[in-house]
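This briefing covers the ligand site, the sheets with their helices, and a few backbone details. The structure comes below.

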Amino acid sequence: MPIRYYSTNRHVNAVEGITPFTEDVSFQEALLAGQAPDEGLFMPDRIPQLSMGDIIALRDKPYWQAALLVSSAFLSEEFTPDVLESIVKDAYNYPVPLEAVYPRAFILRLDQGPTASFKDFAARMMARLMSHCRPHGERINILVATSGDTGSAVGEAYKGVSGIDVNILYPAGEVSPMQKKQLDTISGNVQALCVDGKFDDCQNLVKEAFADPELACFNLSSANSINFGRILPQMVYYVYAYAQLAGAGEEVLVSVPSGNFGDALGCEYARRMGLPVAKLIMPTNENDEFPVFLETGKYQKVSPSRACISNAMNVGHPSNLARFFELYGGTVDRSGRVHRYPDLDQMRHRIFSVSVTDEQTRRTIKSVYERYHVILEPHGAVGWAGLETYQQKTGDSRLAICLETAHPAKFPDEIKELLGIEPEPPESMKDLARRDGSAINISKDFASFKKYLQSHLKIRK
Ligand SMILES: *Cc1c(COP(=O)(O)O)cnc(C)c1O
């Protein structure tokens with residue numbers, strides 16, 4: 001039986017503005033739709049199991065084999081083995097280093113992809129899956145609104161992927177010069193649109209475009225982080241790291257610096273597939289709605305979100321919290337309203353969360369470098385600080401894996417100030433200055449954006 005996907009909002013009756021979506025869809029339908037029609041998130045109705053033998057057999061194997069094992073478990077009814085193999089080989093053509101901090105604690109560096117961020121893992125896989133499940137012969141046009149790093153990870157991921165064109169909208173005054181360069185120079189089937197407005201204006205343009213019946217012929221699609229096609233690839237590196245480091249059946253600790261909770265959700269699924277994760281550690285920055293919830297049992301989103309140096313985690317109501325609640329028997333909607341509380345005892349038993357301040361983040365970057373000569377950037381440092389807090393509280397000395405989600409060279413000023421060194425940029429960032437390409441400037445007015453779309457987007461090829 002193929003796995004089917006249902007909406008987290010299916011039980012939310014009598015809530016204004018929501019008509020619960022009570023059907024279920026295939027993976028391919030969930031992938032192309034992104035979100036359920038009731039604005040809930042798609043969830044698989046069954047979680048496939050991996051055997052310990054299959055996991056351990058990944059030791060010393062290339063990363064793509066782990067990706068093949070995990071994705072086949074979910075997708076074998078909808079994609080042939082050949083297709084899946086070619087997708088994962090093409091997506092994962094860069095190293096995935098594990099760096100020992102001390103003998104029983106490791107940093108999993110997810111920063112070697114084209115944009116030096118862990119978001120490359122999910123975006124590259126999703127792009128290739130989408131290309132394969134296009135309605136026959138038709139193009140897909142992706143519209144993304146971004147205020148920073150997500151846009152370039154998505155853009156790079158879709159570059160050269162056949163049958164898909166991407167337009168990335170970003171606010172003229174709200175991206176850094178480096179981000180602008182990254183976005184403007186992707187080229188080929190990926191076009192940057194520099195909007196004379198704010199991030200909200202970019203989001204509104206995209207929203208209006210999706211709602212406009214005259215643009216329906218262009219197969220508009222999004223590539224946002226709540227797509228289940230982005231969660232699936234984020235289960236893989238936990239399985240991969242475990243296979244490289246742990247003995248068969250050994251229980252491990254995993255620490256995942258968390259913002260929208262998509263990354264940590266990948267770990268929660270991997271655990272439910274059979275990976276022996278004793279504790280999932282989910283440290284946040286000063287946006288502490290989740291650690292406060294675990295402690296008090298009351299959920300209150302942080303609004304507006306707090307600006308911290310681990311800026312990709314400045315999230316006051318994590319979108320994937322709806323999936324965590326669902327997995328633990330609860331329901332929360334997009335606005336942060338709880339309809340049914342999850343099993344808190346079970347959550348506390350399996351998950352540890354703590355809020356890490358900016359000051360603690362900086363101190364961690366310094367101390368990890370001084371003690372172990374390992375360079376962390378702010379997101380990874382939140383992860384490490386969370387792990388240390390957990391270990392100090394419990395004395396738990398199990399094998400530990402902590403994720404580093406971005407490359408330290410993306411935070412040159414912070415690192416220079418704290419450590420007095422300039423981290424060597426990865427290959428993908430070195431040639432940035434030499435790349436060319438330019439954005440198209442557009443206004444925040446929908447009529448002119450629509451005209452642009454109608455004259456530039458393609459329907460077939
Ligand atoms: C997006 C991001 C995170 C947070 O991941 P979530 O899945 O949103 O929890 C952490 N670090 C970096 C560098 C990111 O870009």
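The ligand has 13 residues around it, and Lys119, Gly259, Asn260, Phe261 and Thr405 come nearest; a residue is near a molecule or strand if one of its heavy atoms lies within 4 Å of it. The model is predicted, with local features needing pLDDT of at least 70 and side-chain atom pairs counting only at pLDDT 80 or more, while totals for chains, interfaces and linings use all residues. Residues are numbered from 1 along each chain as its sequence is written, and side-chain values use heavy atoms, with hydrogens and water left out.

**Ligand site**

- A polar backbone atom of glycine 259 is 2.8 Å from an oxygen atom of the ligand.
- A backbone N or O atom of phenylalanine 261 lies 2.9 Å from a ligand oxygen atom, and a backbone N or O atom of aspartate 263 also lies 2.9 Å from an oxygen atom of the ligand.
- On its own the ligand has 380 Å² of accessible area, of which the protein covers 94%; accessible areas come from the Shrake-Rupley method with a 1.4 Å probe.
- The shell around the ligand consists of five nonpolar, six polar and two charged residues. In this classification Ala, Val, Leu, Ile, Met, Phe, Trp, Tyr, Cys and Pro count as nonpolar, Asp, Glu, Lys and Arg as charged, and the others, Gly among them, as polar.

**Six-stranded sheet**

- Six strands form an open sheet of mixed pairing in the order S3-S4-S14-S9-S10-S13. Strands (E, at least two residues) and helices (H or I, at least four) are DSSP runs numbered from the N terminus, and two strands pair if DSSP finds at least two bridges between them.
- Strand S3 (98–102) and strand S13 (351–352) are the edge strands, each pairing on one side only.
- Strand S9 (residues 252–255) and strand S14 (residues 400–404) run parallel and are joined by three bridges, with leucine 253 opposite alanine 400 in S14.
- Helix H11 (residues 262–272) packs on this sheet and touches S9, strand S10 (277–281), S13 and S14; the direction of H11 makes about 165 degrees with that of S10. Contact means heavy atoms within 4.5 Å, and axes are lines fitted to C-alpha atoms, for helices over the stretch in contact, with angles from 0 to 180 degrees between N-to-C directions.
- Helix H16 (residues 378–394) lies across S3, strand S4 (105–109), S9, S10, S13 and S14, and runs at about 155 degrees to S14.
- S3 and S4 form a hairpin with two residues between them. Their pairing is antiparallel over four bridges, and phenylalanine 106 in S4 is the bridge partner of alanine 100.

**Five-stranded sheet**

- An open sheet of five strands has parallel pairing and the order S8-S5-S6-S7-S15.
- Its edge strands, strand S8 (220–221) and strand S15 (440–443), each pair on one side only.
- Six bridges link the parallel strands S5 (residues 140–145) and S6 (residues 164–171); asparagine 141 is opposite aspartate 165 in S6.
- Helix H5 (residues 119–132) packs on this sheet, touching S5, S6 and S8, and the direction of H5 makes about 140 degrees with that of S6.

**Backbone details**

- Serine 303 and proline 304 are joined by a cis peptide bond with omega of about -5 degrees. Proline 304 is in the loop between helix H12 (289–296) and helix H13 (321–327).
- Glutamate 39, although not a glycine, has a positive phi of about 65 degrees. Glutamate 39 lies in the loop between helix H1 (27–33) and strand S2 (42–44).

How values were computed. Polar contact = N/O pair within 3.5 Å; in protein donor to acceptor, adjacent residues only side chain to side chain.
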